Amino acid sequence: MNRAAVLALLLFFTLASVVVALFTGGTPLPPAETLRALLDPSAGGMAGTLVWELRLPRVITAGTVGASLAACGVVFQAILRNPLAEPYTLGVSGGGALGAVIAILLGLGGLPMAALCFAGCCLSVGVVLGAAYARNFTNSMLILTGVILSFIFSSAVMFIFSVASSRDVHAAILWLMGSLSSPPEGSGAMLAAILPLALGLTLFARDLNLLSLGDETSYHLGLDARKAKALLLLAASLITGVCVAVSGVIAFIGLVIPHFSRRLAGADHRFLLPASMLAGAGFLILCDSLSQAVIRPLELPVGVITGIVGGVFFVLYLLRARPEEVI
Amino acid sequence: MDVLRAEGITLGYGKTPVLRDVTFGVPGGSVFGIIGPNGAGKTTLFKALSRLVKPWKGTVSYRGADVWGIPRRQFARKVAVIPQFRSVPPPFTVSEFVSMGRYPHAGRLSRQGREDERVVAEAMELLDVAGFGHKLVSSLSGGEMQRVFLAQGLAQSPELILMDEPTAHLDIGQKIRALDLMKSLSRGGRLTTLVILHDLNLAGMYCDRLIMMHRGVIHAEGTPEEVLTGKHIAEVYGMPVRVGLDAATSKPHIFFLPQG
């Protein structure tokens, strides 16, 4: 399929998922009323509040988080040249989660919490990169370091849970599973800040192409791989940190979406990045709708849905993919 | 004037020098060959020449300027490097992969222009990979992949191309076509080629000048007739050979003499 057609198709998918999400939700509303509220924003009333103040902001949050996590996955996979790399497997989300759990138990929210998340993400990336540069780690050793870091961070979280009061723990556990139902204060502003950053990654599409060929080829084609990697990893950590602060740990988006998009749009990051961002946005929006619809009136954490849907989808994909199509 | 010049290069790994005081010049528009047995220091020399590893002592200069004083990107616009071992790339198509050769010429915000497309199409045509431009590089055979790597190098529109054993994965027909191509580009004066070759007969046929490396130093230097002598080959490779002259090309041809 032609690349432009793929992007158009994914754009259609994302827009369709927005429509689905606007017409469904935890609180039922007849489609006719939803439509009326959408067509007349000034009408107000229960339907207006529901659509404009609850559903739409939630769709925007889901879309931004989904697109950002997918973009980060693409960046990590290109830089580490490993199909398993993503914020979750590299321990970046885990570091962020540790920061967030500490923030929750300290009663912090909003920006201070995001700052702790970012600090946690940077800590993991710093350890992984420090190991890479100081000890000349191979890429698989890097992934291993990330996986082990994840375990250490989750043990640290467990430790905190086992000494904290049970009420705080319940809140923190629910949040850890990843949910878009109650983003902390200031989330909108933080997401508005990282969206341009995530979109800006597309300016580095050609650098990512080269980095995915390895350091030596990058070098001979004139790219300063070290500088480009540091810059891109810093941006990806910042984006991941904000996503974790806003919505907890949402697994698999950074892994499944880039692989799926690579299958459709190819490995060229000029297409792969926008394709992944569109697919990631649509996927998380749909999963979030699903999380509200499965056992109404209860709401599942969306991380549970992405974990199950994404995991099953990924296994099916791997079973069907030809080896040369996977990095 | 020499396009590339090595002046007293000493370089090694750890504390052991692999190269000792290597000096030579590559004349513009020539095909320049480096030969020698395994472990002679050819690939280490290649790393120094391609500005990948800084020599302990001595300098490498490109058109009179120290290569370490030339910014990397600018160097990549003039010099293409095709290393011997490359991992199988991610699932890029052949044309995407060859297009990456334009990287050092492109600005961050600029799109690939007409000129870029023309250069890429020409490189793909020259290496006969245009027919499968939409195929994934990772799905190609070793020989096809090697041609795609070479096409990416040509897409840099280099003045100098450095190749470490570029014909290793090619069959004899592909070897001859690839070397013919390098020779014809050099003859046009557009390109200078420096190439490490294992096959002494191919080196004699295609190179204007040769250096024969042995244990980290240049053992012999000159035209193929001067370098490819029975004496030199016996000294460096430790085996007797008979060297004849090809009647048609009057280039040296080496006949191997199996023992026992």
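Among the contacts in chain B between residues at least 6 apart in sequence, 64% join residues at least 24 apart, two residues being in contact if their C-beta atoms, placed from the backbone, lie within 7 Å. The structure is a predicted model, in which local features need pLDDT of at least 70 and side-chain atom pairs count only at pLDDT 80 or more, whereas totals for chains, interfaces and linings use all residues. Residues are numbered from 1 along each chain as its sequence is written, and chains are lettered from A and ligands numbered from 1 in the order in which they are written.

Chain B has nine helices and 12 strands; helices (H or I, at least four residues) and strands (E, at least two) are DSSP runs, numbered from the N terminus. For 260 residues a compact globule would have a radius of gyration near 18 Å, and the value of 19 Å for chain B agrees with this; the radius is taken over C-alpha atoms, and the globule rule is 2.2 Å times the number of residues to the power 0.38. Taken along the principal axes, the C-alpha atoms of chain B fill a box of roughly 60 × 40 × 35 Å. Buried residues make up 43% of the 260 residues in chain B, where a residue is buried if 20 or more other C-beta atoms lie within 10 Å of its own, exposed if 12 or fewer, and partly exposed in between, with C-beta atoms placed from the backbone.

One open sheet of chain B is formed by six strands in the order 6-7-8-3-9-10, with mixed pairing; two strands pair if DSSP finds at least two bridges between them. Strand 6 and strand 10 of chain B are the edge strands, each pairing on one side only, and the twist averages 15° from one strand to the next. Helix 1 of chain B packs on this sheet and touches strand 3, strand 7, strand 8 (192-196) and strand 9 of chain B, its direction making about 150° with that of strand 7 of chain B; axes are lines fitted to C-alpha atoms, for helices over the stretch in contact, and angles run from 0 to 180 degrees between N-to-C directions.

Within this sheet, strand 6 of chain B pairs with strand 7 (residues 160-164) of chain B in the parallel sense over four bridges, and Val81(B) has Leu162(B) as its bridge partner in strand 7 of chain B. Strand 3 (residues 31-35) and strand 9 (residues 209-214) of chain B also run parallel and are joined by four bridges, with Ile211(B) in strand 9 of chain B as the bridge partner of Ile34(B). Strand 9 and strand 10 (residues 217-222) of chain B, in contrast, run antiparallel and are joined by five bridges. In the hairpin of these two strands, which has two residues between the strands, Arg215(B) takes a positive phi near 50°.

Ala80(B) lies in strand 6 (residues 79-82) of chain B and is buried, because 26 other C-beta atoms are within 10 Å. Not counting residues up to four places away in sequence, Ala80(B) touches Gly153(B), Gln156(B), Pro158(B) and Ile161(B). The C-alpha atoms of Ala80(B) and Glu159(B), which are 79 residues apart along the chain, are separated by 8.1 Å. In the loop between helix 5 (142-155) and strand 7 of chain B is Ser157(B), a residue other than glycine with a positive phi near 40°; Ser157(B) counts as buried, with 21 C-beta neighbours inside 10 Å.

A second open sheet of chain B has four strands in the order 2-1-4-5, and its pairing is antiparallel. Because strand 2 (16-27) and strand 5 (65-66) of chain B stand at the edges with a single partner strand each, one side of each is left without a neighbour in the sheet. Helix 1 (residues 42-49) of chain B packs on this sheet as well, touching strand 1 (2-13), strand 2 and strand 4 of chain B.

As for the contact between the chains, 24 residues of chain B are in contact with 22 residues of chain A. Helix 2 (residues 72-78) of chain B gives the most to the side of chain B that touches chain A, with four residues.
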